[in-house]
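These are my notebook entries on one structure. I record what I looked up, in the order in which I looked it up.

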Amino acid sequence: MNSTLSISLQTLHARTALLLLLAALLMVLLPAAMHAQSMDYGSLERLFNEPVTTSVDGSPQRQSDVPATMVIITAEEIRRSGAKDIPGVLRHVGGIDTLEWGNDNVDVGVRGYNQAYSSRLLVLVDGRQVYADDYGYTPWSSVPVELNAIRQIEVIKGPNCALFGFNAVNGVINIITYNPLYDNVNTISSTVGTQGLVAGSAVATHKFGTRAAVRLSAGGNSNSDFSTSIPISEANALRKHQNRGAINIVGVIRLNEKMLLGVEASHSTAQLNEMSPVYVFNNAKYGTDSLKAQLTAESGIGLLQATVYTNWLRNTDTPGVMNQPFHFKSRVTVAEVHDIFKIGTDHTLRAAVEYRHNTESSTPTTGASIHNEVFSASGMWNWKITSTISLTNALRIDHLLLGRVGYLPPGYPFSNSDWNRAFTQPSFNSGLVWKPREADSIRLLVSRGNQLPNLGISGAFLLVTPFLKISGSPLLKPSVVTNYEIGWDHIFLGPNILFRASVFDQHSEDILSTGGGYIPTPNGPYLVSSNIGTSEATGLELGLKGTLRKNYRWGVDYRLERISDHFVPNALNGAAYIDYDDTTPVHQVKAKLGWTNGKWELDTYLQYHSVSRGLISTARAATTIPVPAFTTLDGRVAYNLTERFTWAVSGQNLTHASQLQTSGPAVERRVLGTLSFNF
Amino acid sequence: MRYRKFIPNISIVILTLFVMLVGVRSAHAMDRASIDAVQAAIHTLSFLESLPKDGPIIVGVLYSSDTPDARAMAESIAQLIGTMRGPNSRTLQPLVLATSALAQFPGHLDVLWLAAGVCKHAALIVASIRSHHVVSISDDPQCADTQCCVIAIRTGQRIEISLNTALAGAVGARFSLVFTMVVRRK
């Protein structure tokens, strides 16, 4: 077994090295007349008076031009959110769902479909995936990014990002950090708050002339979880103290006028109480490491970029199931080369190839590992048909090879060769943007995304006891999500109000579940993960935002969404730990009002969720319980003591000492005091 | 006597009103859209790779010598540019130029802002910027029709930047690829 693993790793390293070599050769062989400039987000934003992104089709675009329904949360909005973490920022965004299980444990979804260990969302930091491959979810505490290091958070709703490939099914969140070569960010902040919160964060940038720069960010916090009671069915573990620490270093070197090299390393640890995908609490520990290198060059054949990164994740959940803790260890290596170029004045194209290798050890029964390799090719074509109409088409083909090596428990219903499977999955998005007048923009969107079975439910999760046997399955199919959408933006010219409307219809096939399957064996039955059916969603999103007399800024977002699940009989009513139609609130309203006057800033955020249901675990499987409608109020008051010092008090769930918002423990009021120093 | 002691106060009031009127007149001389356009023009320089890397950036402000009040407007624009900073906080050095003096201008220019109304001298401008390798920028709607500006700026609810790629090539201007992808290319 070890020799097989060793050979597999050698093969991986050889392939990665080969890709890197090819990328390097490509760069070296480029024509001499090249002029490098990676995305200078700040300069572009100042030029157009609006944020700029590359997250939708890979090419640089103004937010108002993108062929997708997209929200960009700016650094100012992050600061004024008063949040202590990224989910706290996201919860103020219309169309985003958060399930707050604890003080540090939040699941985030876009347009509903949110569950514990939410796995239908692709989360990236500067294009590097930060979701965990074991269950395809994002442990937000382990994301090694400080809020003060973020330039903008880009939220793309729906599967409108074919260029990212797998997992971008309900949306993509791409966190863009400051580039030390262009942005000089130096901040220290210290926070204390309720639940015993003590936190510190620092971001420092240093430039070495005009050719090189480095940004170091680090932060940590320590807090207690909520003290509200844990429902009996979820009380698998006693709450422990929570903490987080993260460090991230980014360096950018202008190798010459033609070429930029970026390198990044990060490390994070987190300990928190966490709702598991089977709706019981575990004490979770995370450790992540990452290394990334990116080479960018402008050439006669376009803007070329070669990226390679590796993420390591260690995740321990105790007490696990039947007192068998889980020790997930995974690694993903991604190498990608793309080129963006123009043909004439009206056509922008992007071509890319990508290689990805994921591997995960089995747990709690050890001795095996699951791996997959993905070979991808993608292309994008943006055509400015007229001065008012543009059409974007993006297509990506992923070819996935699944495999397993190692130990097979006696009586196991699968052999390693059952994992020798291959999928070829296309994903695409097509968007027509029509601007009939300066104040109007209409979007027609069609897209198809794929959710890959994560490594946990593909077999890395393996529990074998005399009484209970649970396993991932090699027989899972990727879940395919198709989305049709019409969007309209209108600017009311006089009062400077932006109105946004979107209507979407989404169809998900082969929904993936951790349970739902049952295989009898002579040694007893195995409960296995499975594809449990289909789901349809239809929704309407309306938004208004504007400014008033320069001092005030305001916004209101409303979402109406109806989901209809069509699951196999043994997955009905959440029995297979998945229920989308009952757990997604039909109505969601988010409103905000901000005020600035001299040294003072005041921001308030209101959130309303209509009645819904929440999943809970039972002795046999899972079911749902009612979650009443709720309204929350968040706020922040800040005073700039000097040009450099700011003092702020912020809070979440301010109107209630505790409030039931999920099927988990009630959410407590939080109040934080933060002192920031910019230098 | 009692009346007299108010005279200094009245003088202050009159003086204040005068200053306000002059101020208002000056504000009228350059409206918000023009200020936005000039700011956008300066921001485009961050993406002009052919711009010399060091020293102050010399920005000519060209006005039509046969248009009344054009010089005053050009001086307002020059004054505004003088308060701004270029890429990497570089100093901007404005220089007011009349169309009648353009052909014989002996000095060096990095950028030429075309004030409203100068595009009727398009042939002269194009010949001059080609020979001096200068990037011309304007928010005059006529500049796109007469093809005398490398960068055309339109402000309003949304800032639109158009790049005349042929003219950019003719004057030797090189913009970053990212910039050319995000603006309109003509």
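**Entry 1: the sheet of chain B.** I began with an open sheet of seven strands in chain B, whose order is β2-β1-β3-β4-β5-β6-β7. The pairing in this sheet is mixed. The model is a predicted one, and I keep that in mind throughout. I then looked for the edges: they are β2 (92-98) and β7 (184-185) of chain B, each of which pairs on one side only. As background, I noted that strands of a sheet pair through backbone hydrogen bonds, either parallel or antiparallel.

Entry 2: In what sense do β5 and β6 of chain B pair? I found that strand β5 (residues 151-154) and strand β6 (residues 160-163) of chain B are antiparallel, with four bridges. Helix α3 (residues 70-82) of chain B packs on the sheet. This helix touches β1 (57-63), β2 and β3 (111-114) of chain B, and its direction makes about 170° with that of β2(B). Returning to the strand pair, I saw that Ala152(B) stands opposite Ser162(B) in β6(B).

**Entry 3: where the chains meet.** I next turned to the contact between the chains, which takes 25 residues from chain A and 19 residues from chain B. On the side of chain A that touches chain B, the elements giving two or more residues are α2 (41-48) and β2 (61-62) of chain A. The largest share of that side, five residues, comes from α2(A). By class, the side has ten nonpolar, nine polar and six charged residues.

**Entry 4: chain A as a whole.** I counted five helices and 40 strands in chain A. Its C-alpha atoms fill a box of roughly 70 × 60 × 45 Å along the principal axes. Why does the radius of gyration of chain A, 24 Å, agree with a compact globule? With 679 residues, such a globule would have a value near 26 Å, so the two agree. Of the 679 residues, 54% count as buried. Among contacts in chain A with a separation of 6 or more, 64% join residues 24 or more positions apart.

Technical notes
Residues are numbered from 1 along each chain as its sequence is written. Chains are lettered from A and ligands numbered from 1 in the order in which they are written. This is a predicted model: local features need pLDDT of at least 70, side-chain atom pairs count only at pLDDT 80 or more; totals for chains, interfaces and linings use all residues. Two strands pair if DSSP finds at least two bridges between them. Two residues are in contact if their C-beta atoms, placed from the backbone, lie within 7 Å. Axes are lines fitted to C-alpha atoms, for helices over the stretch in contact, and angles run from 0 to 180 degrees between N-to-C directions. Ala, Val, Leu, Ile, Met, Phe, Trp, Tyr, Cys and Pro count as nonpolar, Asp, Glu, Lys and Arg as charged, and the others, Gly among them, as polar. The radius of gyration is taken over C-alpha atoms; the globule rule is 2.2 Å times the number of residues to the power 0.38. A residue is buried if 20 or more other C-beta atoms lie within 10 Å of its own, exposed if 12 or fewer, and partly exposed in between; C-beta atoms are placed from the backbone.
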